[in-house]
Amino acid sequence: MKIQQNISLKPYNTFGIQTNAKRFVSINSLKELKEIIALEKNIFLLGGGSNILLTNDVEKLVIHINTKGIIVNDFGVDEVLVTAEAGENWHELVLWCVSQNYGGLENLALIPGNVGTSPIQNIGAYGIEIKDVFQQLEAIEISTGKTKIFTKAACKFGYRNSVFKNELKGKFIITNVTFKLTKKNHNINISYGAIKDLLTDKENPSIKEIADVVIAIRKSKLPDPKEIGNSGSFFKNPVIQVDLFNELTKKYPEIPYYEISENEIKIPAGWLIEQCGFKGKRFGDTGVHEKQALVLVNYNNASGKEVYALAQKIQQKVMETFKIALEIEVNVI
Ligand code: EPU
């Protein structure tokens, strides 16, 4: 374990933003992690770097969690518990589970990032969120160095949300996550229209076939961070009151929506941003992706401040046009 000075964070964030860490350490074991937090509390945790926008150099000690390992435990006849270390790459875990015929994660293929950060924002796609297959996680409390187990209830999962984004923000380091997956009689979810349309065996698809279709859909819509820097959806899909929705449908009868409750309607932020004319627009080295307006991109040399300025411009225009406040989903540092 070696603390390095002035390390570029460009390779460590999927936005590909150039900023520096004053001090940087890569952690390969729980023992190393405990040692380092015993010495230093002013830390900045870095997992897959897939949900951050770096707007400044990082003064705190950057701890890059690189712990690896997957453990499998049977859970009755039909189910299995899969525990993955925080530093495991998310997509590789999904592919591995699919190869073992463990069902539950297939809809979440190709989401960038690592296992350890997946519960923080309760990652989700195509009708599934990790809370649907989550069993528990282990985390170290930074102030005491003690390990604590969090059940699903303790994580307080919500839409792109959890206790780790709220009251426990910055207090714990997630070290491993356990998922409850199926060995047979998979509870597949093909409710998202485009998945069903692309399946050849629509009645009885395998989890491999679902994962392949999800990968194909994501590749067709979302930029690959290895080619164009991005952090997936930059904003959350806003939930609005039914009164505002009724007012908007008079002017925009084609507005797409999902009913959340009697009084609440979720509107795709991508649609709002597209209506405001931003889709595919480039501003210097940043811009709005041409196929998915919810994704802001870095063509190569954009600074975090430039991307953030574009985000604010979008928020302002969406507010003026629709009276809707777009909430940033990515962590702006
Ligand atoms: N739409 C547009 N223009 C656009 C993009 C979207 O009009 O440029 C409208 C279309 O009506 C489309 C609808 O928005 O039918 C929904 O679009 P899409 O299916 O692409 O999903 P999304 O709501 O934009 C959410 C997640 C994605 C996830 C997809 C699929 C959030 C913030 N984003 O996007 O998650 O992959 O659903 O389940 O909830 C991520 O969080 O990083 C992410 C990529």
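Visitor: How many residues surround the ligand, and which are the closest?
Guide: This is a predicted model, in which local features need pLDDT of at least 70, side-chain atom pairs count only at pLDDT 80 or more, and totals for chains, interfaces and linings use all residues. Residues are numbered from 1 along each chain as its sequence is written, and side-chain values use heavy atoms, with hydrogens and water left out. The ligand is surrounded by 22 residues, the closest being Tyr126, Tyr159, Tyr192, Asn237 and Glu274.

Visitor: How far is a polar side-chain atom of Tyr192 from an oxygen atom of the ligand?
Guide: A polar contact is a pair of N or O atoms within 3.5 Å. An N or O atom in the side chain of Arg160 is 2.9 Å from a ligand oxygen. For the side chain of Tyr159, the distance is 2.7 Å. For Tyr192, a polar side-chain atom and a ligand oxygen are separated by 2.3 Å.

Visitor: What share of the ligand's accessible area does the protein cover?
Guide: Areas come from the Shrake-Rupley method with a 1.4 Å probe. On its own, the ligand has 810 Å² of accessible area, and the protein covers 81%.

Visitor: Which element gives the most residues to the shell around the ligand?
Guide: Helices (H or I, at least four residues) and strands (E, at least two) are DSSP runs, numbered from the N terminus. At least two shell residues come from each of β8 (124-125), α5 (207-221), β13 (229-233) and α7 (269-275). The most, three residues, come from α7.

Visitor: Why do the buried residues of α6 line one face of the helix?
Guide: Buried means under 20% relative accessible area, exposed over 50%, and partly exposed in between (1.4 Å probe, protein chains only). In α6 (residues 242-251), Leu244, Phe245 and Leu248 are buried. They line one face because, seen down the axis, they fall within an arc (of directions from the helix axis to the C-beta atoms) of 100 degrees.

Visitor: Which exposed residues sit on the other side of α6?
Guide: The buried side holds Leu244, Phe245 and Leu248. On the other side, the exposed residues are Asp243 and Lys250.

Visitor: Is Tyr126 buried or exposed?
Guide: Tyr126 lies in the loop between β8 and β9 (128-129). Its phi is positive, near 50 degrees, though Tyr126 is not a glycine. Most residues other than glycine have a negative phi. With a relative accessible area of 10%, Tyr126 is buried.

How values were computed:
Near = heavy atom within 4 Å. Polar contact = N/O pair within 3.5 Å; in protein donor to acceptor, adjacent residues only side chain to side chain.
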